[in-house]
Amino acid sequence: MDRDAVLARLMLLTEDDRTALLETLAGDAARMVEARLRCTEAEAAANAEALTAAAAAYAAYQLALVDASCAPDSLTAGDVRAEVQNNCARALDYYKTCAAAVAGLLDDADFYFGGVRAWEA
């Protein structure tokens, strides 16, 4: 996966200028998507743009989590109260939408298939 393409898309999504942070998040997201691939190289190449979109969306979600963890939920000064809007849920929804587009190419980390042994008396 082209990490530069993930970074470029992430910069478009977030309009953020923290280059070092965005590079780290884009690289982490690209590695996460690559680790979940369960398709041939040809299938991955044919769907490179959608995989890049999923990685960039995941990186944007991680950025929203970082920003939310560093910001207060609200601020009060005298009679004035300001509440900060949390975009994590919207960022997660966007990632899930992008990941759904390439679901056939990725393994499902939330799925477990196993057996149950019967009790022997």
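Two remarks on conventions come before the details. The model is predicted, with local features requiring pLDDT of at least 70 and side-chain atom pairs counted only at pLDDT 80 or more, whereas totals for chains, interfaces and linings use all residues. Residues are numbered from 1 along each chain as its sequence is written, and side-chain values use heavy atoms, with hydrogens and water left out.

I begin with helix α4, residues 48–70. Helices here are DSSP runs of H or I with at least four residues, numbered from the N terminus. Two packed helices are described by the angle between their axes and the distance between the axes. The axes are lines fitted to C-alpha atoms over the stretch in contact, and the angles run from 0 to 180 degrees between N-to-C directions.

How do α4 and α5 pack? The angle between α4 and helix α5 (residues 88–101) is about 165°, and their axes are 8 Å apart. That makes α4 roughly antiparallel to α5, a label for angles over 145 degrees. Their crossing is left-handed, meaning that the near helix is turned anticlockwise from the far one by less than a right angle; clockwise would be right-handed. On the α4 side the contacts, that is, heavy atoms within 4.5 Å, include Ala57, Tyr58, Tyr61 and Leu65. Among the α5 residues they meet are Leu92, Tyr95 and Cys98.

α1 and α4 pack at an angle of about 55°, with their axes 8 Å apart. Val6, Arg9 and Leu13 are among the α1 residues involved, and α4 contributes residues including Thr52, Ala56 and Leu63.

Thr52 lies in α4. Is Thr52 buried or exposed? At 11% relative accessibility, Thr52 counts as buried; the cut-offs are under 20% for buried and over 50% for exposed, with partly exposed in between, using a 1.4 Å probe and protein chains only. Leaving aside residues up to four places away in sequence, Thr52 touches Met1, Ala5, Val6 and Arg9.

I turn now to the aromatic residues. Two aromatic pairs are found in a search of the whole structure. Tyr58 and Tyr61 form a tilted one, at 6.5 Å centre to centre and 55° between the planes. For such a pair, ring centres of Phe, Tyr or Trp (its six-membered ring) must lie within 6.5 Å; planes under 30 degrees apart are stacked, over 60 edge-to-face, and the rest tilted. Both residues lie in α4, three residues apart, about one turn of the helix. Tyr58 is partly exposed at 22% relative accessibility, while Tyr61, at 16%, is buried. Together with Tyr95 they form one aromatic cluster.

At 16% relative accessibility, Asp16 counts as buried. Its side chain makes a polar contact of 2.6 Å with that of Arg18; the term denotes N or O atoms within 3.5 Å, one able to donate a hydrogen and the other to accept it, with residues adjacent in sequence counted only if both atoms are side-chain atoms. Beyond four places in sequence, Asp16 touches Met11, Leu22 and Leu63.

Terms used. Helices (H or I, at least four residues) and strands (E, at least two) are DSSP runs, numbered from the N terminus. Angles under 35 degrees count as roughly parallel, over 145 as roughly antiparallel, 65 to 115 as roughly perpendicular and the rest as oblique.
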